Amino acid sequence: MTAEAEATESTPLLSTPLAAEGAPASATTTGVLSPFNRVCAIVFFLAVAFTVTATPLIYAFRTITCEILYDEGRLPPYEGKGDRCSRKEVEAETAVAISLMVTLTTISGVLNLLTTGMLNKKFGPKLAMISQVFWPCLRNLCQIFASTSPLSNGGRMAIHICQWTQLITILGGGGGYFLVSNTFVAALSTPEQRTARFGILQGISMLGTATGYVVGGLIGDLLGPVAPFQVTFCLLVLSTLLSTFCLPYIAPTPDEPKAGAEGKKSAAGGILGFLSPLKVFLPRVVAVEEGGNGKTYWGLTLLGSSVFTGVLAVSFVPFLLQLYATNTFAFHPTENGILLSANSLSRALFLTLLFPRIIAWGRKLYTTSTTPTPPSEIHIPTAPADIDPSTQPDAEEPALPPPMTDVGHGAQFDLVFVRWSMVLDGILTACTMLSSQGWHMYLAAGVLPLASGTAPASKGVIMEMVPAAQQPDALGGVALIEMLASVSTVSLFGLVFSYLSELGLAKYTFALNAALAFLAAFIAVWVRFPKVNKAVGGASV
């Protein structure tokens with residue numbers, strides 16, 4: 001066992017709350033093959049697998065739709081040179097087909113987060129991760145069948161199969177695997193490591209996403225339209241084997257016991273139980289006997305609102321860069337692809353290399369400035385004669401109040417980082433409005449990720465605010481909030497951009513995004529850690 005895993009008298013009892021029960025000793029080993037690195041490897045493979053078919057799938061829909069329209073006589077025979085599918089009828093029909101698939105994917109993704117949370121709590125993260133990679137294998141096989149089988153005949157049946165098999169995502173998919181990965185990180189990390197590792201994990205995911213977009217296009221061009229789906233299947237099978245044989249078993253966190261009517265109500269709330277992750281963010285009253293002050297605590301509610309507003313502000317920015325570059329500077333698909341890859345790569349490098357160092361430096365600064373210095377020498381009496389009755393504590397003397405949540409390891413800096421990261425994000429997004437040349441878009445794509453890190457830092461803060469029994473729900477609640485905000489921002493700012501473009505004011509969409517980022521930072525200013533020790537139980541809802 002390494003030094004990191006050895007417990008001393010000064011080691012917090014909840015230093016690795018999710019791993020407190022059931023985590024094997026090997027879960028804390030370090031090195032190239034450490035459990036954390038294994039989780040990162042699986043996340044990278046899955047990020048590549050879930051994006052490598054994105055561009056080929058759109059191309060396949062366009063090609064199949066084009067063939068259908070010509071075969072059905074809805075388009076006149078093509079004469080001339082060039083792409084015979086480059087017609088507005090084909091583009092419109094393709095857009096309808098893709099819209100239905102995206103809608104089904106979005107609905108399935110939200111439900112996937114809820115089912116994953118239930119699996120995670122009941123069976124532990126290992127089985128939940130296996131589920132997230134096994135079911136996409138089945139979905140991918142259906143897509144390969146649709147592309148190659150004579151039964152689908154490459155027509156409407158192929159499109160329908162690709163659309164409706166997205167419902168398999170309810171049982172396993174992209175949103176769920178990242179939620180389970182964060183659960184593993186929380187269980188395999190000390191509080192000092194946790195926030196930085198959340199950032200590294202997100203950076204690895206972004207690197208896999210950037211790789212998937214590039215590799216998918218290259219494989220499709222070199223080996224044919226079916227090859228990306230076959231590569232995806234191989235990656236999913238590999239991830240399933242790694243999840244089964246390489247991830248440590250971590251026992252599920254037991255629910256906090258609830259007595260009386262509250263316990264019966266909780267047991268009967270089957271359908272509402274799907275929304276239980278969001279209950280973590282409800283205001284709560286911390287009783288005096290639990291170490292609180294008897295007042296309503298709004299910290300988690302405000303932090304959840306800040307996360308939602310922040311994601312609403314920044315999630316649309318990559319799409320906005322593409323739309324603005326296309327409309328204003330006449331960017332083509334190749335240039336937009338480079339733009340997206342540069343943005344993803346820059347974000348991955350920041351989160352993987354710089355973010356952990358910033359968190360480590362800030363936590364060290366806040367730890368040294370807030371942690372009291374222990375006495376250098378303590379005399380322990382060993383004989384009755386050594387005991388002075390006048391020095392014995394009074395039996396009626398009240399116990400000292402529990403320490404602040406973050407005193408032990410400087411977690412207060414995580415909250416400071418969340419606030420200033422949102423402010424910097426707003427400033428950089430507003431500056432993008434000043435772009436006047438095409439290369440400014442590439443510069444923005446590379447610089448905007450320097451304000452990344454809000455999401456992993458927020459997860460680190462939330463982990464400090466809730467007890468061990470509620471940490472899986474807290475991670476699930478954050479993931480659900482982020483997904484709802486991501487879906488909302490596409491609809492909201494898509495309409496805003498369209499309206500402002502008609503007025504010739506498209507660049508002011510960046511200003512509105514920046515304003516929302518500033519609002520998120522303002523909400524985060526009012527967030528405070530609970531003045532109660534998590535171990536006392538005061539963080540229970």
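Visitor: Helices here are DSSP runs of H or I with at least four residues, numbered from the N terminus. With that settled, where does Ala469 lie?

Guide: Ala469 is in the loop between helix 16 (454-465) and helix 17 (471-502). Keep in mind that this is a predicted model.

Visitor: Noted! Is Ala469 buried or exposed?

Guide: Ala469 has a relative accessibility of 17%. Buried means under 20%, so Ala469 counts as buried.

Visitor: How far is Ala469 from Thr253, in sequence and in space?

Guide: Along the sequence, 216 residues separate Ala469 and Thr253. In space, their C-alpha atoms are 5.7 Å apart.

Visitor: Let's zoom out. How many helices and strands does the protein have?

Guide: The protein has 18 helices and 2 strands. There are 541 residues, and buried ones make up 47% of them.

Visitor: And what share of the contacts comes from residues 24 or more positions apart?

Guide: Taking contacts with a separation of 6 or more, 82% are between residues 24 or more positions apart.

Visitor: What about the accessible surface, how much of it belongs to carbon and sulfur atoms?

Guide: Carbon and sulfur atoms hold 68% of it, out of a total of about 26,400 Å².

Visitor: Back to loops. Where is Thr165 found?

Guide: Thr165 sits in the loop between helix 5 (156-164) and helix 6. Its relative accessibility is 11%, so Thr165 counts as buried.

Visitor: Which residues does Thr165 touch?

Guide: Leaving aside residues up to four places away in sequence, Thr165 touches Arg139 and Cys142. Leu138 is 27 residues away along the chain, with a C-alpha separation from Thr165 of 9.0 Å.

Visitor: And helix 6 itself, what does it reach from end to end?

Guide: Helix 6 covers residues 174-188, which is 15 residues, and reaches 21 Å from first C-alpha to last, close to the 21 Å expected.

Visitor: Why is helix 6 called largely enclosed?

Guide: Because 13 of its 15 residues are buried, helix 6 is largely enclosed by the rest of the structure.

Visitor: One more topic: at what angle do helix 7 and helix 8 cross?

Guide: The axes of helix 7 (residues 191-223) and helix 8 (residues 227-245) cross at roughly 125° and come within 8 Å. That angle makes helix 7 oblique to helix 8.

Visitor: Which residues make that contact?

Guide: Helix 7 brings Gly216, Ile219, Gly220 and Leu223, while helix 8 brings Ala227, Pro228 and Val231. By class, the contact has 5 nonpolar and 2 polar residues, with no charged ones.

Conventions. Residues are numbered from 1 along each chain as its sequence is written. This is a predicted model: local features need pLDDT of at least 70, side-chain atom pairs count only at pLDDT 80 or more; totals for chains, interfaces and linings use all residues. Side-chain values use heavy atoms; hydrogens and water are left out. Buried means under 20% relative accessible area, exposed over 50%, partly exposed in between (1.4 Å probe, protein chains only). Contact means heavy atoms within 4.5 Å. Accessible areas come from the Shrake-Rupley method with a 1.4 Å probe; for residues, only the protein chains shown count as cover. The expected span of a helix is 1.5 Å times one less than its number of residues. Axes are lines fitted to C-alpha atoms, for helices over the stretch in contact, and angles run from 0 to 180 degrees between N-to-C directions. Angles under 35 degrees count as roughly parallel, over 145 as roughly antiparallel, 65 to 115 as roughly perpendicular and the rest as oblique. Ala, Val, Leu, Ile, Met, Phe, Trp, Tyr, Cys and Pro count as nonpolar, Asp, Glu, Lys and Arg as charged, and the others, Gly among them, as polar.
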